[in-house]
Amino acid sequence: MEALLRQRDLMEIMNVSRATLWRMLRHQNFPKPVVLMGCKRWRREDLESWLEARKSE
């Protein structure tokens, strides 16, 4: 089973505020969340791939 991250987890991993996170979601090619019973969760694998791609830019 793959790991799913909450918004708070993303903020801690990336060391950003909630406002910055949502700005990134709107304006950058950020991974789309999975919606489970109305709750947004992000796949850890998608986030790690996105972060690796950003390092090479």
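The largest nonpolar core is made up of ten residues, namely Leu5, Leu10, Met14, Leu21, Met24, Leu25, Phe30, Trp42, Leu47 and Trp50. A nonpolar core here is a set of buried Ala, Val, Leu, Ile, Met, Phe, Trp, Tyr and Cys residues joined through side-chain atoms within 4.5 Å. The elements that give two or more residues to this core are α1 (7-14), α2 (18-27) and α3 (44-55), and α2 gives the most, with three residues. Helices are DSSP runs of H or I with at least four residues, numbered from the N terminus.

This is a predicted model, in which local features need pLDDT of at least 70 and side-chain atom pairs count only at pLDDT 80 or more, while totals for chains, interfaces and linings use all residues. Residues are numbered from 1 along each chain as its sequence is written, and side-chain values use heavy atoms, with hydrogens and water left out.

Leaving aside residues up to four places away in sequence, Trp50 touches Met14, Met24, Gln28, Asn29, Phe30 and Pro31, where contact means heavy atoms within 4.5 Å.

A search of the whole structure finds three salt bridges, each defined as a side-chain nitrogen of Lys or Arg within 4 Å of a carboxyl oxygen of Asp or Glu.

| Salt bridge | N to O distance |
|---|---|
| Arg6 and Asp9 | 3.2 Å |
| Arg43 and Asp46 | 3.7 Å |
| Glu52 and Lys55 | 3.4 Å |

Glu52 and Lys55 are three residues apart in helix α3, so about one helical turn separates them. Glu52 is partly exposed at 49% relative accessible area, whereas Lys55 counts as exposed at 64%; buried means under 20%, exposed over 50% and partly exposed in between (1.4 Å probe, protein chains only).
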